[in-house]
Amino acid sequence: NSVKSQDNAYQLYTLNVGSTFSSAQNGNVQELNNFSEKGTLDLTAPWWDQNILKDMSVENMNFALTGDIGTMYKKSIGAMMFNKVILNQNQLESPYELMNSGKWTIDKLSELTKDVYTDLNNDGKRDFEDFYGYSTAASSPCAFLFTSGVKIIHDGELVLDVERTADVISKTISLCRVNQGTFYDLKYKNAAGNDNYAGIEKMAEGTTLFATALLESGITYLRDYENDYGILPYPKFNEEQSDYIQFVDGGVTIMAIPKTVVDTDRAGIIAEALCAETYKNVIPIYYETVLKTKGARDEESIEMIDFIISKRVFDFGFVFDGWKGFGFVVNDCVRAKDPNFASYYAKNINKVTAHYNEILACFE
């Protein structure tokens, strides 16, 4: 509304990533390479996130930034938590050793958890009250697509690897729907009506070995947790995958400069100063106090926090999914317990391509 009325009320916005790029699509925010060329934003500086500039570039243009001007891009990364006491009781392999040797994979997670289940309330039903090897929210499996190295849109092109996606779906269905040690419940909601915290809530109750969570929310939730726990990246697709990849959630907050800004030099310089000073004076305290000192329980977890944050990626196709693309295809297939992605792809590829092409045409 401010842009439409041209009241120039705001020079800087922080919006979630999807809203920012919708604004870009509609021509309401500035292209930021122009600021870089004029020297008012140094897009190569360490306080700006280089991953979003690489992963969300369209036609060599960038409309949004994230970095140390805020902490959301470091908070909103998927991670795994595990209970050390339960791990030792079951005499299982060290996840840290597996991770460091490149053997921490989706299949290994299934292997470690498949036999870990106890009907704690003795009601003969698999429900939230029981003990599991792995617990996850029904909305979480989509992250496995991106942590397996699959991209949907890159450099303005639909680049989805159909075969790899089908394999990811097969592995994720096996983990979430076949594995007897997994808690995955489409109907579960907590007392507040939220279904996003099933895994970390069970971790906090001490009734799961492994759980998925967003990095900071998981650490915060477990701050008063009595048992020792560890932090891990999401597993790789297989051992041949060259590196661990960590997915940034679509709710992450990023920065944009509205199209109506008149004094663009001033807006760029102030944004640069805010980010640079936060990088120097706030982020070190955030890292050392909030994440590490108050959150992590061991040296390995402290190392894992740095590692997870360093491996983050964004995906343009996920941001612009709008429930019309391939961003949630893993969730859809896991919910339906249907591993036949080839059929899903054939049925949906034309309308999905049209959806993405309509968006990309705006940027062209």
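Start by selecting F82 and F210 in this predicted model: F82 stands opposite F210, which belongs to strand β8. Now widen the selection to the two strands around this pair. Strand β2, residues 78-83, pairs with β8 in the antiparallel sense, over 5 bridges.

In β8, F210 is the bridge partner of Y134. Colour residues 131-135 next, and you have strand β4, which runs parallel to β8 and is joined to it by 3 bridges.

Now show β8 by itself, residues 208-214. Is it enclosed or open to the outside? Of its 7 residues, 6 are buried, so β8 is largely enclosed by the rest of the structure.

From here, move to the largest pocket, with a volume of about 770 Å³. Colour the lining by class and you will see 16 nonpolar, 12 polar and 6 charged residues.

For the last stop, go to the second largest pocket, which holds about 190 Å³ of space. Select its lining residues, including R126, Y132, C176, R177 and D185. Which element gives the largest share of this lining? That is α10, with 3 residues. Helix α10 spans 162-178, and β7 (182-183) also supplies at least two residues. By class, this lining divides into 5 nonpolar, 3 polar and 3 charged residues.

Definitions and conventions
Residues numbered from 1 in each chain as written. Predicted model: local features only at pLDDT ≥ 70, side-chain atom pairs only at ≥ 80, totals over all residues. Heavy atoms only, no water. Buried < 20%, exposed > 50% of the residue type's maximum accessible area, 1.4 Å probe, protein only. Helix = DSSP H or I, 4+ residues; strand = E, 2+ residues; numbered from the N terminus. Pairing = 2+ DSSP bridges. 1 Å grid on protein atoms, 1.4 Å probe; cavity = no way out; pocket = protein on both sides within 12 Å on 5 of 7 lines; lining within 4 Å. Points joined across faces, edges and corners; volume = space filled by probe spheres on them. Nonpolar A, V, L, I, M, F, W, Y, C, P; charged D, E, K, R; others polar.
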